Amino acid sequence: VFKRFVEIGRVAFISFGPHAGKLVAIVDVIDQNRALVDGPCSGVRRQAMPFKCMQLTDFVLKFPHSARQKCVRLAWEKENINEKWSATRWAKKIEAREKKAKMTDFDRYKVMKAKKMRNRIIKHEMKKLQRMASKKGKKPEKAVKPGKAKKAEKAPKAKKPEKALKAQKAQK
Amino acid sequence: MAGEKAPAEKKPAKKKAGEKKVEQKPSQKAAGDKKKRVKKYHASRNPVLARGIGRYSRSAMYARKALYKRKYTAPETKIEKKKKETPRATITKPVGGDKNGGSRVVKIRKMPRYYPTEDVPRKLLSHGKKPFCEHRRRLRASITPGTVLILLTGRHRGKRVVFLKQLDTGLLLVTGPLVVNRVPLRRAHQKFVIATSTKIDLTGVKIPKHLTDSYFKKKRLRKPKHQEGEIFDTEKEKYELTEQRKADQKAVDSQILARIKKVPQLRGYLRSTFCLSNGVYPHKLVF
């Protein structure tokens, strides 16, 4: 049922508090509520931190308990946690949320236009399929076609508006 | 008598001592100063009897100090000048009509024709109350020439518009441009405007200098000649578009449109209007 455990070396994401948004490794457990925590590569000094503000990630490092910061840093860099973290969906969602919050009025307009264009293309393809399906009557092909066609649609769709969306966000 | 003789003796002695006046011999003057007239003051001619009490009375001292021949007056030139410059009190004006004498002498400054029964009380001094023309005009740092603004009030509410400059009264000069969103060269109030962070580069754009507040001010005819029936007709309620406005609009817009075309999607952005919908909270939006 539980897959992520609090253990020595577990990398945690700090959700609130002064170090909100940073990654940290659990070095030792102090008592039921607190852990000794260190984030040499994320700018968090070695300190006690309550478990409540930590959210466990999938990453575990290998170092003995109460290891000093140098060891923690070595282990962190060996595992390349920073890169692995930014590749996770979790981090990407966070980044997307931040970007959305920073959108200016002009950006919002551009996104609106891109979405509109994308939806139009999707609708167009859908309608095409529906028309084809209804013309040819209820044939077994119908079940196969929409599935395949949808995948084919999303490829061309993906090119135009996705590029636009990404281009805007990259411009920022 | 003895007292009188004593002063008589003292007088000549003191006179001699006292005549170290201005015109005197150089040997008696301070060493080296021939150009500077060193005025040496005589010692007190009023011997002290007791502290604060002198031997001679005021009138005796007047005589002893020879003030009868030392009467000085202040230089009179300025006073004389001012006296000569008294303004004219009367003027003679010609008068028409037969057997009227041809002219009358009329006072220039006349006495008041009415004195109020109660005088107006003197107002207390106030401080820092300036008239509108002397007010300090401020401009938000987020508003610079070329900023896209969102108008919030007026008939063009919700429209996105380009800011040109701030006028003397503090209002903002703004333009659509006209072909983009039908907003002409117009004034907008700073407080009723949202400044977005989108800016158009307006370097080198020349705005004609005759576009001032008086150019944009609403005109009102005020010559009804006391005929109440016609008042409502003569006052212009309809705005009439003049050729000058069209020419100015064209002059400014042509420069701006060129810049707008360079930025992709900006023209469409200016054409669109701003609106709030579900889940959109102005305090959370970044403009």
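These questions and answers walk through charges and aromatic rings in a predicted model.

User: Which helix gives the most residues to the positive patch, and how many?
Analyst: The patch of positive charge lies on the surface and includes A:Lys113, A:Arg120 and B:Arg267. Helix 4 (105-136) of chain A and helix 8 (266-271) of chain B each supply at least two of its residues. The top contributor is helix 4 of chain A, with 7 residues.

User: Is B:Lys261 buried or exposed?
Analyst: B:Lys261 belongs to the positive patch. This lysine is found in helix 7 (residues 243-262) of chain B. Exposed means over 50% relative accessible area. B:Lys261 has 66%, so B:Lys261 is exposed.

User: How are the rings of A:Phe13 and A:Trp85 arranged, stacked or tilted?
Analyst: The structure holds 7 aromatic pairs over all chains. In the pair of A:Phe13 and A:Trp85, the ring centres are 5.5 Å apart and the planes stand at 25 degrees. Planes under 30 degrees apart count as stacked. The pair is therefore stacked.

User: How many residues apart in sequence are the parts tied together by A:Phe13 and A:Trp85?
Analyst: Both A:Phe13 and A:Trp85 are buried. A:Phe13 lies in strand 1 (residues 10-14) of chain A, and A:Trp85 in helix 2 (residues 81-87) of chain A. The pair therefore ties together parts that are apart in sequence by 72 residues.

User: Which chains does the pair of A:Tyr109 and B:Tyr269 join?
Analyst: This aromatic pair is tilted, at 5.6 Å centre to centre and 55 degrees between the planes. A:Tyr109 lies in helix 4 of chain A, and B:Tyr269 in helix 8 of chain B. The pair therefore joins two chains, A and B.

User: What does A:Arg4 meet in a salt bridge, and where does that partner lie?
Analyst: A:Arg4 sits in the segment before strand 1 of chain A. Its side chain meets that of A:Asp58 at 2.6 Å, N to O.

User: Which helix holds both A:Glu95 and A:Lys99?
Analyst: Their side chains meet in a salt bridge at 3.5 Å, N to O. A:Glu95 counts as partly exposed at 41%, and A:Lys99 is partly exposed at 30%. They lie 4 residues apart, about one turn, in helix 3 (residues 89-102) of chain A.

Methods
Residues numbered from 1 in each chain as written. Chains lettered and ligands numbered in written order. Predicted model: local features only at pLDDT ≥ 70, side-chain atom pairs only at ≥ 80, totals over all residues. Heavy atoms only, no water. Patch = residues over 30% accessible without salt bridge, like charges linked within 9 Å, V, L, I, M, F, W, Y side chains within 5 Å. Areas by Shrake-Rupley, 256 points an atom, 1.4 Å probe, with all protein chains shown as cover. Salt bridge = Lys/Arg side-chain N within 4 Å of Asp/Glu carboxyl O. Lys, Arg positive; Asp, Glu negative; His and termini not counted. Charge placed at Lys NZ, Arg CZ, Asp CG, Glu CD. Buried < 20%, exposed > 50% of the residue type's maximum accessible area, 1.4 Å probe, protein only. Phe/Tyr/Trp six-rings, centres within 6.5 Å; stacked < 30°, edge-to-face > 60°.
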